[in-house]
Structure formats: structure tokens, C-alpha cells
Number of protein chains: 2
Amino acid sequence: MNSKYKVKFSSHNKSGLFHSGQTFLDAAQKLGVPVPALCGGSGLCGKCKIEIVKGNVPPGESDREWLQPEEIERGVRLACTHFITEDCTVRALEEEVEAATEVLTAGKSHAVELAPFVHKKFLKIPEPTLAENPSDLELLLDAAGLDVKKVTVPRKFLANLPQKIREANFSGTITFDENHIIGFEAGDTTKSLFGVAVDLGTTTVVCKLVNLNSGEVLATSSRMNAQRFYGEDVISRISYTIEHDGGLVVLQKAIVDQLNEMLAEIAKEAAIDANSICEMVVAGNSVMEHLLLGVSPHYLAELPYVPVFKKSFSVRASEMGININGQGNIYTFPVIGRYVGGDTSSMLLTLADDLDKTWLAVDIGTNGEMVLAHNGHLTSCSTAAGPAFEGAHISCGMRATNGAVSRVNVDQTGLHIQVIGESKPTGVCGSGLIDAIGSFRQLGLINETGRIVVGDEIGEGTKEFARDLVKTEGNERYLILAENEKKEFTLSQRDVREIQLAKGAIAAGIEILLKNAGLTAADLDAVYLAGAFGQFIRRDMAVAIGLLPKVPLEKIHFIGNAACAGAELALVSKGERMKAEKMAESTKYIEISTDPDFQDIFAEKMMF
Amino acid sequence: MNSKYKVKFSSHNKSGLFHSGQTFLDAAQKLGVPVPALCGGSGLCGKCKIEIVKGNVPPGESDREWLQPEEIERGVRLACTHFITEDCTVRALEEEVEAATEVLTAGKSHAVELAPFVHKKFLKIPEPTLAENPSDLELLLDAAGLDVKKVTVPRKFLANLPQKIREANFSGTITFDENHIIGFEAGDTTKSLFGVAVDLGTTTVVCKLVNLNSGEVLATSSRMNAQRFYGEDVISRISYTIEHDGGLVVLQKAIVDQLNEMLAEIAKEAAIDANSICEMVVAGNSVMEHLLLGVSPHYLAELPYVPVFKKSFSVRASEMGININGQGNIYTFPVIGRYVGGDTSSMLLTLADDLDKTWLAVDIGTNGEMVLAHNGHLTSCSTAAGPAFEGAHISCGMRATNGAVSRVNVDQTGLHIQVIGESKPTGVCGSGLIDAIGSFRQLGLINETGRIVVGDEIGEGTKEFARDLVKTEGNERYLILAENEKKEFTLSQRDVREIQLAKGAIAAGIEILLKNAGLTAADLDAVYLAGAFGQFIRRDMAVAIGLLPKVPLEKIHFIGNAACAGAELALVSKGERMKAEKMAESTKYIEISTDPDFQDIFAEKMMF
């Protein structure tokens, strides 16, 4: 029972020994081979496809559920559903082409005066004399106008300070923030002071290198979050940390390594020394911030859903293993409550100028977070929308990348689709799904309850081409959305239900926020849509299917990557950072599931 | 030239390979074999004796200078003066018997109210509910009455906090100080809260384990400072860090390892868990504190003698590798100026109640530090007394341990000695040297200028037995102090000069402090003598030879190990610690070498 088997991934030329209690997904994760596992290895998403090149791995029930017969024939299997019972050679199939992914990096913002948290100062240090009672540190801090009692001096900063000061002939540049001494170097380096704003999303990570002397963005790097191989959504990642010994460390390392790669990339692009990057401001959702800080998010996944912390953190980069200046500061935005995380705090900062108006800000990702502003008060909630709008748990679903059907509309002649990258369709992304649902509703193929209608149930006025879009297989009902030479892209009844649940959850959250404030949709001055989802969405369709409240379409604004934009603001302005902290603190969190009307509202909002 | 030779220390069963640029002392230090090197390996103290068991190491000039012919015959050599040129087996000779060393651990102190910097609090944490917006950290801090914005929460504290809280059923003990969260543990552990006061001396280290709930000292450990094998005095240790790559790390590790051994010892003796030791307060001189913190003391050894820092430090134990609670605080007393270090700050704390009087406090160690209090003002200076009073650089010198001649007096019949441990004499310690000089002065064998008189120079009234105490060998003059069956213990003219220089330096420092305050010895209400040196000293002799100012003997008080006593005060009372910081900050430092009268005063004070 203790024997081990060799698994080789020929696609990546990596191999290792595994025991029979481990799956091929475990092996891939251990070896660092990218195999998507949207559901975190629970056999629920059908994405972790590998091909068995050598070895006997008979197909199982899950394979038959998720894979085409010809795939099974070819040796394709779901990596998470097969334990390793002999030596095998396999191939990872779906390595994602990162470059093809369009990651939203810009967002709504406002002009702020440049006043970063971190400073540099060029100074002449008086040379110590015998007649006085000098010490290197005190001479340096005096020259910089800093109070030795009010700043933390890292012990390691002192280790080679005297040599540095003398090599610099008592003239050089000190780097510090309000609370810490960061460094001292010879010469006048005040012009080299940089920071990085990070949008740490569940799906994508964006890093922007900012010149803290000008506020200018010098380079941007965006990538799919490296943690996705351990689970696509936050719940799968939490499960990974619970189910795997050392899983928390694995996930933390994955994101820290990735940030370091991205830092190297942007530093190279801007031709600067990473040591002159003295701060990083990170806006992440609650789970992403827990994982980055190496703090277990376990109890966010269990009733009553408790984060470990809400406060913002300022941690030395060296302690985190993040390759900016070792004494530089890693700042994380405060969590507002449960799943309303630092990314929402950051988004709020971008809307700080509009606090006198009544508005709703919605960030639809794997979770839906929403904030209502009214009379200067902020109320927030989050809803477990599920990852349907990011294309997961949908048979033909995919993210908004090249090949995704992102727009669907219908006219007298038929159904028309737009595909990202204008290529052949390879799946349907969130905005395409909303359009599809809206279009099939228009055609009368989905009724108000979300049921796909067939045969006699189809209304009499329904066009002939529309009738051909409905198909049944056994008891299953499907709607045909698109096809390429190989494949038909359909929405199954289950897919429609997933989307119904997602839109119902978000719409219910919005309704409860409005209800608590004694408002209706008519009172809203604006609806702000943040995040990647807003990028391709059609406002009319989103309102038509009831995802967004019924407001005039011109009141709906896309604010882009607000989390990243807020991180930039907090990076270049200490005042903005303080403002974000205050807004987060004063934002009331509502747990919608405890609202007495929640079940009714949710049921109602699931209807079309 | 690149070949290496094997050196084996048969006495310690340790061996290693060394090249021909390395000395036997280097080998001993590398292998961790204790070979005393009072002068740091400069061939100036004659203490680093080893015996060549196998191998050819011809005696050199230094051996002939420092060793007896029969020792040389036997194969004894000075380890620091011989390079390794072939495979050898050697024996270390002078392994010190630590137990025999009497280390002064008690000191003058005063009663203070128990109010330590570190606290424990047993609390019930409200269990999180769905209706609220809880987080583990914020619930915990609220329950403890702590402001999340005012305390630093170590990231690592959070890593397993949620599990700990739940395993403890939301009831447990939080440990914290004013600035940091230290820990959380199940159950009520408030009774287990301990701290350690450390006197980090150049020669000796004392650790006292204190129950912070009662102020009671539970265990004491005292040892010779493990760094002494790299140099006996502070200057030799600084040289070691300058001359050896990585030398600073070696010295830091030596003391950290030793503190950990001592901690293990006292925790075992008191039967407590080292994790419940939550603070360590360290009083060390400037160089000892630099070395402990891993900060280069290089420029303390070069004009204009600049320490790297003067401020006190509070560093997490885990960062220092010190085995108390990892988040516990390591506090070091502030440095007053140059060589007037944290040990003086700590000593001052023990005298804080006497600030309305006029007094002088003198700590004679390898350096002499002295403080004058007058009208509530404190003035300090240090003098490079050299290690003569600790027995170094004196041919028959040794520390105040078993076998040391500690008292000498003279009557009609002859010279009489007292030996520590009432054994046969093996050398003469500082107090014995002062007595000896005083006695020889009384006998007329040393004149006012410090010259040993011989032949016709001896006064006519001089007793016959006294005349027999003078001896000449070539141009060298000696005074015979004692003898055992093997050896005569003599003071050479050079020895007398060393003592003259040491006492002159200290007396000059005192004189300049008095002069600056416009005072004379007659104005002093008290003279406090701190440190090991004071333990055996005879007040009359110290005044007679001019080491101490001419005050009535009853005004001279021994205050024992004041550094350790002050550390204890600062450990059990936050108020006392603040007081020490304030006293240190307000103590004026005088650089006596820049005083225009310094040369005159020093020359005068060298006279007897």
C-alpha cells in the first residue's frame, strides 16, 4: 500500500512519485503543471482535462458526464476524479494562453494631489565630532527631521548603516514612511521612488508601477491568478486550504511568486531597480487578502462566515518575501465585512467624490458585492452569485477572453453573435450569457420561471427559426446558441437555472439594500458597474433580465477596474488612503440572508 | 599553498582542517574550543595557552615572553602567535570552571509597584453570529479592551488564530504589551507570566527569571560571557568583527546561543514553559548592545568613537532568535553616549530616588563609566581604564575568582594576603592589585611617580622584610607579592604602570566631572561603587592610592550589580522603564579627552 507510482507530464516534461491516495490533479499541482480546476478538484466543473498517454485509467462516471465520447476514446480524463494506481505518462490539455486574456486594468478615478505615504529626502549628515555626543542613527534622523521616538527603526537597517554613511561621505538619501525607516543610500536618489498598485482578483491580478514623484503609470502587468489551478472561485480555494496539509502555504506561495514575477516584469519594462519600489498597495477581496497574508480563510466558508481580520495591514516586504525594497510597505485595504473585502474598500475610494448622491455600485465577480450610497451613508452586502457570470458551472461557459461569445442579439432573421477577438466561438462568457437569456426570453423560448419551453408550450407567435433552436435529449432540454465546425454551443436547463440563481442573488442583494434605505430604483442617481464583467455587458439586457434595477440606461456607468484605480489613489496619496480607511469603517455591512424578507425577495428576483 | 592541515583538540575531541594563514586560536574559535584570548589574539596577554601533543611547533618570541621555561619545554605555546603548518594534535589548557566564578547578581534597588509592560488577560470572546459583522481579530481585541488601531498585530499571530479561538471555545488568555499582540492561548494562563532581566556584561552575563505577577525572582543564571573567547575586552571584540569576515555574526550568535542556554536553565529550574516568558530586558554596555543586536560597533573603536544608535530598542524575540515567546519583546536600555551604555542607564534607575543629593556613581569594569548627580542634573563620562582592574595585561593578574589574591595588607611582620575560596593563590585580582599597590606604597617600595625603588633609593626607615620584596632581573624591577609551591607572584614595573594608567584615567574622569559642576570631593554626599570590581575592594586603599576621591569612607557605598537590578526594575514596572529612558536622555555626556585640562589632570591623577 505504500508503493509510489511515477507520473510524468509529457506536456511539461515534469514528473514525480505519488501514492495511490493522490489524484492526477494532486500530481499536477505538486509538480506545478497548470491544470485548471475551477471547482477546486470536486469533480463539479469538468475543466481539469488531461490526456492519458501511457497507462491504464478506465473512464469513470464523471468523465462520461463531462466529456465527449470521442474525448474519452482519445484517453482524455478529468484529473481530479482519478487516483494514481500505476506509473503513467499524461498530457495537460488546457494550458491557458495568458496573453490572449483581456484583463481590465483601467478604472474610474479622480485627480488627487501627489502626497505618497513613502518619502525620500536627500540630506547632508553633519560629520560626527569628538566634542559632541553623536550616534549615526540619531544624526541621520535629526538631519531628516524625523523623531527617533516616532519611527520604527528596523534592526537590520542598522547593521550596515555606519559603513553606508561613511561610504556616502555623510551625504545621501533616506527613504521612510510615517512609521518606518526604509533605507539609506549614497547620493541623491530622490528621483527614483516608485510604488505598485495591485488589483488582486480571484481570477486576474493586475500590477501597475507608479512613479511616486509624478503619479505616472510606467508599466502594467496583468495575469490570470496563479492560484486558479487550486480552485477557480474563492470557495474552492478555501476548500483547498482545508483539505490539503500545508495548502495555505501553497496558495500563499503561488500568489507571492506570481507577484514577484510581475514585479520583475514591470521593473524591467520601466528599467528601474526593484529596490527603489518602496510600497505596494493591494486591493483584494477578503479571501485573496487572507491568502496573501498567509492567514487561514477557513471560517469564511462556514457559518457564520467569519473573516480573521477586517483591519488594513502594513507588513514589511521582506517578511512577506515580496521583492520590492525589503523594508518597503505592503499595504492591504481593510475588509468591510465577510466577503465585502478590500477590493470594495478600494472601489469606494474611486467614488468618494460622489457621496452626496444616491447611487449603487455593483462588482459582479465570482461573488457579487454591492454598495448603496444615500445621504452620505454607505451600506454594503455580498451575495453568493456563484461563478456563472464568469463562465464556470455553465456547460459552454468560459471567461471573457478570445473566442468567447460576448454579445447575442436577435432580429427577424435569427440569432446573431459577436465573438471576442472576432474568431470562431469557443464558448460563451458572462455578458454573452445575459444576452442569450434575454434573447431567448424575447423569442419566447424561456418562460418567466426560467423553464425552457418545448413543443406545445411554445407560444403561437414564435418564429420558425426560433423553434429550431430548442432541442431535447431524453428529459433534458437545450437551447442552441452557436456552433463551430466541431461543436454546438447550447444552454441546458441546468445552465439557465445557474444563471437564474446568480442573477437572482445579485438582484435580491440590490433590492434588500434599497429596501433597508427606504428607496426604490427610481431614487437612484446612478448605478456603477465595476469589474471585468461590466466590460462587455449590455445595459439593456442586464435590466431586461432583471439583473440590474429598472433605471434609465444612461444612469448606468461602467467604472472599469475600480479596485486597481482605488489602489493607485491610495498609493499616491496618504490622504486618500486615510479616506478609504474611514469609508470602509463607516460602511454598514448587511447580512442579507438574515433579512426576514430574503427568501421572498430572492424567489421573486429569480423570475424573469 | 592551498593545502590544509588537520588540527585536533584532544582535550575536546574536536578537529578540523585549516590552512597555513590560520592560527591555533583561529582553529579553536572555529571549532568552539574555549581558549581564552583576553587581548583578542594580538599576542598581548599571554593567556591563550595550548599544549602541543603531536606536531612540531617551535617556540617563538611571544612564548618566551609570556611562558615559563618549563611550560615551553612541556610544549605549551600561545595559540594566537602560531600559524598552522602541519597536522597537529593539541590540548586546550585553561578551560575555565564557570561554576567557580563568583558573579555578582544582586544590586541596590528600590521598591516599585508591580506594573509590567507586558500583560495577560483572561477573556470570553463573544461567539460570532450571522446577524453581526464579526471578525476573529476584532472580536478578540474588543473583548480585551484593545484598540485595533493602536496595537501592532503580527501577521503570524493571525495564521492560526481562528483555530486557536475555536479550540479554546471562545475563551482564553491574550498576552500583549502596549504596542504588540503577543499571543492567545486556551484557558486562563494569567498566572504564568514571566520576564527575564539580563545584565549583559563584557565579562559576565546574568539572567534573572522574574514572576511578573509577584515580582519574585524565581531563578538566576550567571556565566562568563561566551564572546570572551573572541577577545576579553570590548576593543578586542570590536577588532574581531573588523578583522574577521562574518565576525559580527559570530559574536552575535555566541551571545544569543548563550542567552538561550541560560534561559533553558532558569526555565528548567523554575519548571516553567519558556513560551510564558514574554519579555527580556537587557542592560549592556554600548558594545555589548551593538553586538547583541547584530549592529557593527566598528566606529566605536575609531575616532571620534561613534555608536550606531543611542535609542532603546524593542525587538521581537523571534527576529533575534531568542527562545522566549516568539512575539515577546527584547528591550535594550538606551545608550547615553559612546561607552556610557545601557548598563549605566540601568544603574541610574537604581539611584533614581537619590536625585536630590550630590553623588558620584562609578562602575569600574574594562571601561570606567561614571555619573555625577548634582541639583537633579546628571553628567556622565567614560574613561579607557583598560582591563588592568580585571586582571588583564598584568603578569600575575586574574579575575576575582577562586584562587585570586583579593586582599593585601601590611603590618610590622610582613605582607599578608587573602585568597578567594581560601585556596592557594593562583593570581591577583583587581582589588588585590589596589591593595598591593597601597601596601607597597606604605612600605616605601613604590614612590609617588609609581617607580619601584631599589637599592639606595629605598628609604632608610624601610623594614628589613620589605627590602626582600624587591627584586631585579637585568633592567627589570619586580615586587614579590605572594608565592605558591610552583611560582612567585610579582608586580613588574610594567604592571605598576598599567595600574597607574587605569587608576589615573578613572580619577581624571571623576575630577573632570566634579570640575565641570564646580564641585570638589568635599561636596559629595555619596560615592556609589557598582559592578564586580566593587565587591572585594577596600575603600581605604582605593582612596589611599587616589583611585577614588578623598571622601569619608562611610560615604562610599557598594551598590552591587546595579545593571541587573535596574533591568529588574524596568522589567516589572513600565513607569520605571520610562524613568530610565528619561534619565538616560537627560544625562549629559562629557567627552573628557576634549577637556582642555584633561592632559594635566590625567598626569596628576597618575601619581600616587
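Modeller: Patches are made of residues with over 30% relative accessible area and no salt bridge, like charges being joined within 9 Å and nonpolar side chains (Val, Leu, Ile, Met, Phe, Trp, Tyr) within 5 Å. Areas come from the Shrake-Rupley method with a 1.4 Å probe, and for residues only the protein chains shown count as cover. A salt bridge is a side-chain nitrogen of Lys or Arg within 4 Å of a carboxyl oxygen of Asp or Glu. Lys and Arg count as positive, Asp and Glu as negative, while His and the chain ends are not counted; a charge is placed at NZ of Lys, CZ of Arg, CG of Asp or CD of Glu.

Modeller: Before we go on, this is a predicted model, where local features need pLDDT of at least 70, side-chain atom pairs count only at pLDDT 80 or more, and totals for chains, interfaces and linings use all residues. Residues are numbered from 1 along each chain as its sequence is written, chains are lettered from A and ligands numbered from 1 in the order in which they are written, and side-chain values use heavy atoms, without hydrogens and water.

Biologist: Which residues form the negative surface patch?
Modeller: Asp353(A), Asp356(A), Asp523(A) and Asp525(A) form that patch. Asp356(A) sits in the loop between α11 (342-350) and β15 (359-364) of chain A; helices (H or I, at least four residues) and strands (E, at least two) are DSSP runs, numbered from the N terminus.

Biologist: Why is Asp356(A) called exposed?
Modeller: Exposed means over 50% relative accessible area, buried under 20%, and partly exposed in between (1.4 Å probe, protein chains only). Asp356(A) is exposed because its relative accessible area is 65%.

Biologist: How many residues of helix α9 in chain A are buried?
Modeller: In α9 (residues 286-293), 8 of 8 residues are buried, among them Met288(A) and His290(A). At the start of α9(A), a side-chain oxygen of Asn285(A) comes within 3.1 Å of the backbone nitrogen of Val287(A). Just after α9(A), Gly294(A) has a positive phi of about 75°.

Biologist: What should I look for in the backbone?
Modeller: Most residues other than glycine have a negative phi, and most peptide bonds are trans. Here, Asn13(A) has a positive phi near 50°, and Asn169(A) has one near 55°.

Biologist: Where is there a cis peptide bond in chain A?
Modeller: Leu303(A) and Pro304(A) are joined by one, with omega about -5°. In chain B, a cis bond joins Leu303(B) and Pro304(B), with omega about -5°.

Note on methods:
Polar contact = N/O pair within 3.5 Å; in protein donor to acceptor, adjacent residues only side chain to side chain.
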